[in-house]
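Student: I would like to learn how to read a protein model. Could we go through it feature by feature?

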Amino acid sequence: MLGLIFDIRSFSVHDGPGIRQTVFLKGCPLRCAWCHNPESQKNETETIRKNKKIGNKVFSSVEKVGKWMGVDEVMKIVKKDIPFYEESGGGVTLSGGEPMMQGEFAGSLLNACKNENIHTTIDTCGYAEPQVLESILPFTDLFLYDLKIADEQKHTQYTGVGNQLILSNLKIISKNNKPIIIRIPLIPDITDNIANLEALRNIIESTPGIIRIDLLPYHSSAYNKYERMGRIPVYSVSENYDSQKAAEIKDFFNNSAPFISIGG
Amino acid sequence: MNHRIQKLRNNSINAINTLSAERALLVTEFYKFAEIQETPVPVLRAKCFRHIMRHKKICILPDELIVGERGNMPKAASTYPEICLHSLEDLEIIHKRPKVSFKVDDNTRKAYQDEIIPFWKGKTQRDKVFENMTEEWKNAYQAGVFTEFQEQRAPGHTVAGKSLFQKGMADLKNEIGSALKKLDFSNDPKAKDKKHELEAMEIVADAIVEFANRHADELEKILLAEKSEARQNELLEMIRICRRVPLNAPQTFHEALQHYWFIHLGVITELNPWDSFNPGRLDQHLLPFYRRELQGGSLTTEKAKELLMAFWVKFNNHPSPPKMGVTALESNTYTDFSLINLGGVKEDGSDAVNELSYLILDVIEEMRILQPSSMVQISKKSPDKFLKRAFKIIKTGFGQPSIFNTDAIIQQLLSQGKSLVDARNGGASGCVETGAFGTEAYTLSGYFNLNKVLEITLFNGFDPGTKKQIGIKTGEASSFQSFEEFYQAFEKQLNYFIDIKIEGNNRIEKLYADHMPAPFLSLLIDDCISNGTDYNAGGARYNTSYVQGVGLGSITDNLSVLKKWVFDNRMLSMKELTDILEANFDNFDQWRYKFVYETPKWGNNDDEADQHAARVFNSFHKAVTGRKTYRGGVFRINMLPTTSHVYFGSVIGAMPDGRLAGEPLSEGISPVQGADHNGPVAVLQSAAKIDHIKTGGTLLNQKFSPSFFNSEEAITKLAALVRTYFKLDGHHIQFNVVNADTLRDAQKHPEKYRDLIVRVAGYSDYFNDLSETLQNEIIERTEHEGI
């Protein structure tokens, strides 16, 4: 069985506890207007333009994004850093895209990690068939779970899908007593309005097992990536998120989880 | 820091570096009237030392607590004409050069012209060194295959052990007395030489006490004119101390610091040994004094801190002596490499971190000065609290303290045959050099340019730089049918040049043993007294001479390119490759692109590249390690560059890794600047593929942007990163925390960044004092952004 992977990064310090490698699976059922990983969306290989400099001369090349890899091939790479995981309490994180979109591959990979005693984390938008979620649950130690918009209609407007499945899957994870870190992207006017934040807070406070909330302020750096893929972002503002506002939102969630962080 | 320390610190920072002829004049005066022929060499050197200590001007600054300067004012650097004589032209260069200059006044010029140059011309140790070298050695030296540490400075590189803080000169003289009594003139053919050496040691022991007493005398004069009662009391205490130490073993914290400082001045005045001198495991040595006095109520934490800060200023007042030529290029800095060790383990193997370790870290953080350098020794037993405290200073971005692996250091020392106790009492000095403190003479002999050897191999023994056939003929590049054949040719050239270097080293060691003994330094390192033998002649318990390999990252990438493009996929013939290199990639940008971006490189945890690093390392290790030195020790390797990677790069043409002619090489065991793109874990994994335990130190530099240190969680992850590297036997890691934009701005507006200190390679330096090439190189080193 092969999985479509678009990157594997070591020393990713924002994707779970300790020192980790993050395996990025390509393909996502959502089309978030602000997506900062446009190359992660399609479940097929694509191309991206890369510019590299030699002296003052720029070499432009078109590179393939996405590689079909077997579980063994990925394991060979992630196993390299085991001493670092063990010392730091780290491990492997599956991210994307949406890892559960390649549910069977993700499950096998997580299972293989557990066989090596590697801590596993999945970074998910939560949009998957419940059976897929249940099949990976036994091999997943921690969930990084995105909550974006509470209102179903607006969720559809900005991400392309409704949020029913996402909210019901969250309950399944919670019932299975798996620790959850909620991640909320702070997108000006879309997710950071008070009505939405209050609704998200209600969901969080009524879900047992949430150990932390990461607030992820919008970053303008993705624009260049869209360009190089020959695409235009749906949502783009040139300024980075106001840090004062992020701090206020952090205060707003103060009693909703044991830890709140900005930037993950 | 209090007002006094602020004042002393500012004075030190603002003092201009000057060249002082005082020592040179005293030495010249002494030699003019000495009975050179009739006096045994060690005794002659001892009397010369006494002459300096007896007649040099005593310098005591207002409000000082620790006294003593090598020169006649802060940052007045002495010269050592018996080792290396500066010509008038040299003085002009030293005076005028834009970086690391020392101001030379007219009196100094005149003293050189009238007294110093006429007497020493043609008679220096440096003259002897070059006279004794073979043609082959000179060719290789001129081509930049290696440097020679002892051509302008004396051997040294050693560190005080704990007994230095437990004994006074009176105790040492008793030991000398018993050693003299034990001499067996009928059975030991060297008994007479030993007698001379021991007599010399007696003379220098008395001389340093006399020097301390001269400070007491001067302090008494100052006391008579002093109006403030508080200062009067301080002066009385300082007078008492200068009369007590270093004659007797110190009893108080203040005495211990002053005791060490007089001895430090003795070592750096006797000769100009590399890496000045170094109190080593300071938190261990001072702990008994600190605890006893704190308990007894005669010392407070605040007072201890003030004394330590005053002690720190003394180091900063003492730049490295002025260097010239290749020596200036390989070590282009004012820093004189005194490296304070904190933490580690005790003699019984238990964790050595104590309250003083933390107090000294506070001092380092507040003082924020160039000298002394500092490091923390982290063993598997060291508490995380200690490592994280160090990180909080590192993140402020002045390159201190660096982090060392105690467990690796102990393994290295044990594998070299040191006793367990001597190994546990060891540490690292200079940049990263492993040593058994107080018991080992370990000297660095010179940097070795691995990539130059590769270039010479590519041109069949011919050096394109000096346009001379300096190597052996190992075959035209185009004749190699396989990578193996090529590598074997490289290994032959490597062994050839190592043989030349080692033969030269042994001749130079003999020159120092015969002509330039160091009886004062010999007092301080076990077992020079009981052996009746000088430090420079093999008197220490352990003797090691190092050859320092430079450019591991570059040579790895060079071999990786050769293997991939010439031998594996055969897209390029060897002839085409050498043509490209000779053209300095002019009109070959496409190839340069492939070499830079489409070839496996060191620092990415990619075995395709890393195998070459391990192989070159092993070839280098095999060529050097275990060979006998003149002093009765063995040669070993370590991997550090100071600033020689810039010099070595300047003598090499374009190389296969895409590096253009003249550009710097990689430093230490770090990846080529910009070649690592898989993050710090991959760098550490690559670095761990060479066997650090076989070395006497490796240097790994990692540049991080400040954002990496912005939370407790991030620091915890960095601590784990270091711990894992150390679990893999990594020797040392240092962090340069400053972003590239700041550095670029500092290049444009140096005036705004006068206090900007950055990590160079095993030491920190003022950014403004670095050459532009080195500044650029530091900016280019990978800046790991948070992923």
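Student: Which residue does Tyr546(B) stand opposite in β12(B)?

Tutor: First, the general idea. Strands of a sheet pair through backbone hydrogen bonds, either parallel or antiparallel. Two strands count as paired if DSSP finds at least two bridges between them. Helices (H or I, at least four residues) and strands (E, at least two) are DSSP runs, numbered from the N terminus. Now the case here: Tyr546(B) stands opposite Arg636(B) in β12(B). Strand β11 (residues 542-550) of chain B pairs with β12(B) in the parallel sense, over five bridges.

Student: How were the model and its numbering set up?

Tutor: This is a predicted model, where local features need pLDDT of at least 70, side-chain atom pairs count only at pLDDT 80 or more, and totals for chains, interfaces and linings use all residues. Residues are numbered from 1 along each chain as its sequence is written, while chains are lettered from A and ligands numbered from 1 in the order in which they are written.

Student: What is the strand order in the open sheet of three strands in chain B?

Tutor: The order is β8-β11-β12 (chain B), with parallel pairing. The edge strands are β8 (440-449) and β12 (634-638) of chain B, and each pairs on one side only. Neighbouring strands of this sheet are turned by 30 degrees against each other on average, direction ignored. Axes here are lines fitted to C-alpha atoms, for helices over the stretch in contact, and angles run from 0 to 180 degrees between N-to-C directions.

Student: How many bridges join β8(B) to β11(B)?

Tutor: Eight bridges join them, and the two strands run parallel. Within this pairing, Ala441(B) has Asn543(B) of β11(B) as its bridge partner.

Student: Is β8(B) mostly covered or uncovered?

Tutor: Start with the term. A residue is buried if 20 or more other C-beta atoms lie within 10 Å of its own, exposed if 12 or fewer, and partly exposed in between; the C-beta atoms are placed from the backbone. β8(B) is mostly covered, with 10 of its 10 residues buried.

Student: Which helix lies across β8, β11 and β12 of chain B?

Tutor: Helix α21 (residues 483-515) of chain B does, running at about 140 degrees to β8(B). Two residues are in contact if their C-beta atoms, placed from the backbone, lie within 7 Å.

Student: Which residues touch the most other members of the largest nonpolar core?

Tutor: In soluble globular proteins, nonpolar side chains tend to be buried together. A nonpolar core is a set of buried Ala, Val, Leu, Ile, Met, Phe, Trp, Tyr and Cys residues joined through C-beta atoms within 7 Å. The largest one has 305 residues, and Val204(B), Ile208(B) and Val722(B) touch the most other members. α21(B) gives this core its largest share, 12 residues. Leaving aside neighbours within four places in sequence, Val722(B) is in contact with Ile378(B), Leu387(B), Ile403(B) and Ile733(B).

Student: Which strands does β1(A) pair with?

Tutor: β1(A) runs antiparallel to strand β2 (residues 20-25) of chain A, joined by six bridges. Four bridges join β1(A) to strand β5 (residues 67-70) of chain A, also antiparallel. Ile5(A) stands opposite Lys67(A) in β5(A). Arg9(A) has Thr22(A) of β2(A) as its bridge partner.

Student: Why is β2(A) largely enclosed?

Tutor: Six of the six residues of β2(A) are buried, so the rest of the structure largely encloses this strand. In a regular strand the side chains alternate between the two faces of the sheet. Here Arg20(A), Thr22(A) and Phe24(A) point one way from β2(A), Gln21(A), Val23(A) and Leu25(A) point the other way, and all are buried. β2(A) also pairs with strand β6 (residues 91-95) of chain A, in the parallel sense over five bridges. Arg20(A) has Gly91(A) as its bridge partner in β6(A).

Student: How many residues of chain A are in contact with chain B?

Tutor: 18 residues of chain A are in contact with 22 residues of chain B. The elements giving two or more residues to the chain A side are β1 (2-12), β3 (46-54), β4 (57-65) and α2 (82-88) of chain A.

Student: How many helices and strands does chain B have?

Tutor: Chain B has 32 helices and 17 strands. Of its 787 residues, 59% count as buried.
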